[in-house]
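Dear colleague,

Please find below the structure that I am handing over to you, with its sequence. I would be grateful if you would read the notes that come after it alongside the coordinates.

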Amino acid sequence: MQSLSDSPKAGTAAGHSAAAPARKPAASLPRGAVRGSAAYRNIVLALFCSGFATFSLLYCVQPLLPAFAREFHIGAASASLALSLSTGFLAVSILLAGMVSERYGRKELMFASLATAACCNLLAGVAPNWEMILVARALEGMALGGVPAVAMAYLAEEIDAGGLGYAMGLYVGGNAFGGMVGRVAMSTLSEHIGWRHAMLAIGALDLALAVAFVMMLPASRNFVRNGTMQLRDHLALWRRHLGHARLPLTFGIAALNMGIFATSYNYAGFRLMSPPFSLSATLTGLIFSAYIFGIVSSSWAGSLADRYGRAPLVAAGIATSCAGLFLTCTSSLALVITGIVLLTIGFFTTHSAASSWVGRMASSGRGHAASLYLLSYYLGGSILGSAGGWFWEHSGWNAVAAFMLLQVVTAAWLARRLWRQGRL
């Protein structure tokens, strides 16, 4: 870390030839890498790569759901299991990953998780039947659990608080970029070379990114391995966070925010490929380019959260998602696309602000707090995202939208409670 000390004073004290250099109080010194330093840049770039790899692996099957439904003769809800199983197992493994990282370290676990998940994606690309694809995707989700919660904890430990929101925003931006490339590239590649070869290409790319990640990321400086923690110690930390006045509200917002986003993206493809739009797989996949707005909004929201507080940004993100939701119910393709863009901006704004909020509110056991946040986040996406398929199969998009509106209203209520408790 950079050494921060004031320059020597020009004057001299009485009885002394020169005054000693003034020093800042220890409490004012940065606890982690400060924005603009080489360490800060390396951390942000490495975590951007990890976010890209994680989300390109996780969501590369989302544009393939209609193809899975056709090839394996299954319904939309069943096809969504290729994604929901991954996110569901990811949610569970996050808790285990937080425990393991306390003993073996953040960097090592994140690399092992990325490399293993990339190999599972390669396995899914060559799996002979639907059941084996689901097994590979479930294992992939389990492996990826070592990245998100640990990455959030690493940032909270190794980045100075003054630049944490911006760093978290860029990390979420990497998530957005990976999710976009995974979806758009998969849509285009699958139409030209088949979905199996496309999955192999994504897996190989992310395996290379895992190697780049471990080479760039600095070793932890503020993390102390703890090999003496027992299960009861982990449970005590989780209970403490669940008993916090604000953290459970943030966990609820995470679940609903991800539920809205997963539902909209899971079934938007089915709608756009059906009348009256009848778009091709490639054109439908290009809709996921809306993630570009997620990249921008997450970084923007992170910086604003550092300046104005998290609660206003969370509320603004939820309101934006609500506006986008209503636009997706129109019969105009331009308005539907605009609605998807607003849903994307709203989701990433909310997630960027809320995720950095967790690190600020948890005074200890940040890895455990982050794991609870992401457990809620991915369970919301898995359960609510699959449930949306029932509404699509029985009543079409308007029913799906009504289901999402219920989630938006509940998230807004939780955000209002957070806002009333003050700025943070």
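The notes below concern the nonpolar core, the aromatic pairs and the cavities.

Please bear in mind that this is a predicted model.

The largest nonpolar core comprises 125 residues, and L47, F68, L155, Y373, Y377 and Y378 have the most contacts inside it. Helix α11 gives the most to this core, namely 14 residues. Setting aside neighbours within four places in sequence, Y378 is in contact with F55, L58, Y59, T87, L90, A91, I94 and P148.

Aromatic pairs number 19 in the structure. One of them joins F261 and F348 in an edge-to-face arrangement, with 5.8 Å centre to centre and 75 degrees between the planes. Because F261 lies in helix α11 and F348 in helix α15, this pair ties together parts that are 87 residues apart in sequence. Both F261 and F348 are buried. Ring pairs also link these two residues with Y265, F347, Y373, Y377 and Y378 into a cluster.

Seven cavities of 30 Å³ or more are present, and the largest cavity holds about 70 Å³ of space. Its lining consists of S264, Y265, A268, G269, L272, T284, I287, F288, I340, L343 and W397. Two or more lining residues come from each of α11 (247-272) and α15 (333-361), with α11 providing the largest share, five residues. By class, eight of the lining residues are nonpolar and three are polar, while none is charged.

With kind regards

How values were computed: Residues numbered from 1 in each chain as written. Predicted model: local features only at pLDDT ≥ 70, side-chain atom pairs only at ≥ 80, totals over all residues. Heavy atoms only, no water. 1 Å grid on protein atoms, 1.4 Å probe; cavity = no way out; pocket = protein on both sides within 12 Å on 5 of 7 lines; lining within 4 Å. Points joined across faces, edges and corners; volume = space filled by probe spheres on them. Helix = DSSP H or I, 4+ residues; strand = E, 2+ residues; numbered from the N terminus. Nonpolar A, V, L, I, M, F, W, Y, C, P; charged D, E, K, R; others polar. Core = buried A, V, L, I, M, F, W, Y, C linked by side-chain atoms within 4.5 Å. Buried < 20%, exposed > 50% of the residue type's maximum accessible area, 1.4 Å probe, protein only. Contact = heavy atoms within 4.5 Å. Phe/Tyr/Trp six-rings, centres within 6.5 Å; stacked < 30°, edge-to-face > 60°.
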